[in-house]
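Open the model in your viewer and keep the selection tool at hand. The stops below say what to select and what is there.

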Amino acid sequence: MPERRSDNGKPSTSRGVRRAVGMVDVARLAGVSHMTVSRVINDQPTVSQVTRQRVLAAMNELGYRPNIAARALVTGRTRTLGVISIDTTLYGPASMLLAIERAARDIGYAISIASLPSVDRRSFGDAFEALMAQAVEGIIAITPHVATTAALRHVPKDVPVVAVEGGKGPLPTVAVDQQHGARLATAHLLSLGHRTVAHIAGPIDWHEAQERERGWRDVLLAEEREVPDVVRGDWSPRSGYVAARSLLDRPDLTAVFVANDQMAIGALRAFGEAGVDVPRQVSVVGFDDIPEAEFFSPPLTTLRQEFGEVGRQSLDLLMEQVDGAPRTRRRVVIPPEFVIRDSTQAPE
């Protein structure tokens, strides 16, 4: 059956039935050989940059997608990475996952995600095996829980792996400096003249919650200030609301460091219902700088986590292993940015 071109330039039969675009079509449009197209697809260095760009442009115009399975047979590489993450919509883990996916796409890799239905070693092992069965070239584990970090100790040494927010363990790790952020928040409130700072902490089994609490406590101890009893939430606005209501019984309350912005939403609601003005009577600092933070009432002073940098750094560490470098215990720590808005001021 003779071939002709459809109106959009893609190959079709004489009956007008569109057929799948192949390497031959890309080669014809780019004015190169079939083998040159194959070399571009398989990232071989023998193709000039000009020719490579011409082939890629032809692939884009025709909508050609290489056969990943066939390419893997030739190169031994699937150009797919795995990510293990907890099953959550919380801002921090979700943002880290998105940042990693974008960073992978920037270097031409796809991402396969395995979500943990529960936080334990067995679930982690099942997720790890599921990704390995897909022939991923390496795995990034977003492990904010203490339990999942413990599971990383059993990862085979021949598999490229990087932990994100994984505490201090045996693997290369990328993390935001949670302690530093908490110290900035606490020191800011003390510098305004507050005598001490209350703390609404996150769940005790999360690394971020532990590190933020430690940073808060360290500053108060270093400044020889009273260290109030911690009130703990579960990251949700409701738990922040309940925690803030319990703080209302403290007559000397003038400043609160809240371990994330979602709980800070609840705290602001609780203070507002009780007739406590923020920041005139109580100053509030959060953590995360979620997109809504600048639209709170009042706009929230908080710590911004650079998730894009987390994604890039974790990909860099992983690709070093994928390309043959030995696994190390290197730990990359990324400082958060302190964002001052209207929820803090000097006590009256």
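Bear in mind that the model is predicted.

**Stop 1: the largest cavity.** A search of the whole structure turns up 3 cavities of 30 Å³ or more. Begin with the largest, which has a volume of about 150 Å³. To find its centre, select G92, P93, R212, W235 and D288, the closest to that point among the 15 residues of the lining.

Next, select helix 5 (91-106) and helix 9 (207-222); each supplies at least two residues of this lining. Which helix gives the most? Helix 5 does, with 4 residues.

Stop 2: Now select P172, L317, E320, Q321, A325, P326 and T328, which line the second largest cavity. The space inside is about 50 Å³. By class, this lining has 4 nonpolar, 2 polar and 1 charged residues.

**Stop 3: L220.** Go back to helix 9 and select L220, which lies in this helix. Is L220 buried or exposed? L220 counts as buried because its relative accessibility is 0%, and the cut-off for buried is under 20%.

Show the residues around L220. Leaving out residues up to four places away in sequence, L220 touches T186, L190, T196, V197, R225, E226, V227 and P228. Last, select R183: 37 residues separate R183 from L220 in sequence, and their C-alpha atoms are 9.1 Å apart in space.

Notes:
Residues are numbered from 1 along each chain as its sequence is written. This is a predicted model: local features need pLDDT of at least 70, side-chain atom pairs count only at pLDDT 80 or more; totals for chains, interfaces and linings use all residues. Side-chain values use heavy atoms; hydrogens and water are left out. On a 1 Å grid over the protein atoms alone, a cavity is a set of points where a 1.4 Å probe fits but cannot get out, and a pocket is an open set with protein on both sides within 12 Å along at least five of seven lines; lining residues have an atom within 4 Å of a point. Grid points are joined across faces, edges and corners, and a volume is the space filled by probe spheres set on the points. Ala, Val, Leu, Ile, Met, Phe, Trp, Tyr, Cys and Pro count as nonpolar, Asp, Glu, Lys and Arg as charged, and the others, Gly among them, as polar. Buried means under 20% relative accessible area, exposed over 50%, partly exposed in between (1.4 Å probe, protein chains only). Contact means heavy atoms within 4.5 Å.
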